[in-house]
Amino acid sequence: MADAAGELEVEPAAAATILGDRLELTRRFTANLAARGEELGLIGPLELPRLWTRHVLNSALVAPLLKPGRVGDVGSGAGLPGIVLAIARPDVEFVLIEPMERRVAWLVDQAAELELSNVEVVRARAEDARMYRALDQVTARAVSALRTLIPLTAPLVREGGELVLMKGAGAEREIEAAEKPIRKFKLSGVEVVELGVGVLSETTRVVRARVG
Ligand SMILES: C[S@@+](CC[C@H](N)C(=O)[O-])C[C@H]1O[C@@H](n2cnc3c(N)ncnc32)[C@H](O)[C@@H]1O
């Protein structure tokens, strides 16, 4: 679907395949965000016209990368990608980790309104949420650069688990910049054993890191 800005970032057929019978619920979440997101400070006015393609459908593209289990979404904010993924993958349990009260209230409200029984919302910063170390996978989008994001999120993941981080087109450069903090991090006992980058859409890359 081309949005109002004329951008076609995610093939509608791909989105329909991923979302299947969850497409309508995803549209409902998008409508809620379009109606209240700006007033609540969740989304800038310039983003409204491209909410569906750039934000919601791009988030949905992560859904096939998740395995049944417990997935944390760090810095969920408006619910991207956390709420979209919880809609797309009812077989996965989600823990949305977000420190800001107003955003937490929005996430709790949306989980209830959309009847998502697979969502738990935790008001915390990632560095204070390490009791969730048993998470199988952790997602994050637009939270911070990889050099800080990897040390922030890796301790939440169980041994053998995975980080699935949404990034812009500069992901490869970010990986290079993250090399030193990742090496230093290894000394503290949590180790990134594999790191790769894939293309999700025109504007979005996914950085996948296995944690040892
Ligand atoms: C730019 S917003 C992005 C929100 C959403 N992921 C998106 O893509 O629209 C960054 C979010 O990360 C949250 N955040 C910042 N530092 C954090 C931390 N240390 N732990 C968890 N969340 C954090 C902020 O409160 C904010 O909601």
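**Close-up views of a predicted model**

View 1. The shell around the ligand comprises ten nonpolar, three polar and five charged residues. In total, 18 residues surround the ligand. The closest of these are G75, G77, A126, R141 and A142.

**View 2. Crossing of helices α2 and α3.** Helix α2 spans residues 23-36 and helix α3 spans residues 51-60. Their axes come within 11 Å and cross at roughly 135°. The crossing of α2 past α3 is right-handed.

**View 3. Residues at the contact of α2 with α3.** On the α2 side, the residues are T26, T30, L33 and A34. They meet L51, W52, V56 and A60 of α3. Sorted by class, this contact of α2 with α3 has six nonpolar and two polar residues, and no charged ones.

View 4. Q137 counts as buried because it has 23 C-beta neighbours inside 10 Å, where the cut-off for buried is 20 or more. Leaving aside neighbours within four places in sequence, Q137 is in contact with L66, K67, G69 and V71, and also with G161, E162 and V164.

**View 5. Q137 and R158.** The C-alpha atoms of Q137 and R158 are 8.1 Å apart in space. In sequence, Q137 and R158 are 21 residues apart.

Methods
Residues are numbered from 1 along each chain as its sequence is written. This is a predicted model: local features need pLDDT of at least 70, side-chain atom pairs count only at pLDDT 80 or more; totals for chains, interfaces and linings use all residues. Axes are lines fitted to C-alpha atoms, for helices over the stretch in contact, and angles run from 0 to 180 degrees between N-to-C directions. Helices (H or I, at least four residues) and strands (E, at least two) are DSSP runs, numbered from the N terminus. A crossing is left-handed if the near helix is turned anticlockwise from the far one by less than a right angle, and right-handed if clockwise. Two residues are in contact if their C-beta atoms, placed from the backbone, lie within 7 Å. Ala, Val, Leu, Ile, Met, Phe, Trp, Tyr, Cys and Pro count as nonpolar, Asp, Glu, Lys and Arg as charged, and the others, Gly among them, as polar. A residue is near a molecule or strand if its C-beta atom, placed from the backbone, lies within 6 Å of it. A residue is buried if 20 or more other C-beta atoms lie within 10 Å of its own, exposed if 12 or fewer, and partly exposed in between; C-beta atoms are placed from the backbone.
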